[in-house]
Amino acid sequence: MPKKVAIFDMDGLFVDSERVYAEGWHYGFKHFGITPPEGFVESFTGHSAKSNDAKVAELLNDVDFAKKIRAVREEYYQIKLHNGEIKLKKFAKEIAEKLKEKGLKVVLASSSSRARIDELLSQNGASHLFDAIVCADHVQKVKPDPEIYLVALASVGAKAEDAIAFEDTFIGATAAVRAGIDVCLVSEQLYQEQSPFDHEQCQGLFNDLEEAYNYLEANQVC
């Protein structure tokens, strides 16, 4: 049966924001003369702001110092945002429009705050693409917990088997399958590394959203 709902992650999947977040964290650490362990900043991908702040505070053993680094990172991000340097990912707008044309409900399910989501989508003229938006403000537990996906389904009155999810991290993909939803893992990095998500509900590992869409259409998933 063709899917009736498409649920998208935002950071790193729909919007090229994870790259800027990482740049900002490195900038923040460098600003204070700190060199974090190799891979430390990269481990933030897919996690909530609260979780990442806790990691920084633990690394420095100083909550207030961690807040200062976060503030520098946020300043870096805002400059990039207002300079129009944080764009939609390749084929993001097109896939949402094509799925809506097919009659699917299109939902955003992000661990970011609603304020962060609104500014990114507004900056890129993409707010109109979603029938519903579910975020960290609406749940008690963020990904990999399935709550955000369960709320996303409820927001459009859908069942898990009616939905297809799009994620760029194992954390997000885990949240989707824990909610009983089929998922496409879309990540250029994971694709290059050939690191698939080994789960029967994973439709495949794709280099970009266009490749994922073409696969789903060819196999009459949507």
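Tutor: The discussion below takes up a helix, a helix pair and some backbone angles.

Tutor: This is a predicted model, in which local features need pLDDT of at least 70, side-chain atom pairs count only at pLDDT 80 or more, and totals for chains, interfaces and linings use all residues. Residues are numbered from 1 along each chain as its sequence is written, and side-chain values use heavy atoms, with hydrogens and water left out.

Student: Why is Asn61 called exposed?

Tutor: Exposed means over 50% relative accessible area, buried under 20%, and partly exposed in between (1.4 Å probe, protein chains only). Asn61 has 71% relative accessibility and therefore counts as exposed. Gln220, at 63%, counts as exposed because of the cut-off of over 50%.

Student: What is noted about phi of Asn61, and where does Asn61 lie?

Tutor: Phi of Asn61 is near 55°, a positive value in a residue other than glycine. Most residues other than glycine have a negative phi. Asn61 is placed in the loop between helix H2 (49-60) and H3; helices (H or I, at least four residues) and strands (E, at least two) are DSSP runs, numbered from the N terminus. Gln220 also has a positive phi, near 55°, and lies in the segment after H9.

Student: Which residues of H9 are buried, and why are they said to line one face of the helix?

Tutor: In H9 (residues 209-218), the buried residues are Leu209, Ala212, Tyr213 and Leu216. Down the helix axis they fall within an arc of 100°, so they line one face; the arc is that of the directions from the helix axis to the C-beta atoms. Their cover includes strand S1 (5-8) and helix H4 (92-101), where contact means heavy atoms within 4.5 Å.

Student: What makes H3 roughly parallel to H5?

Tutor: Helix H3 (residues 63-82) and helix H5 (residues 114-123) pack at about 25°, with axes 11 Å apart. Axes are lines fitted to C-alpha atoms, for helices over the stretch in contact, and angles run from 0 to 180 degrees between N-to-C directions. Angles under 35 degrees count as roughly parallel, over 145 as roughly antiparallel, 65 to 115 as roughly perpendicular and the rest as oblique. H3 is therefore roughly parallel to H5.
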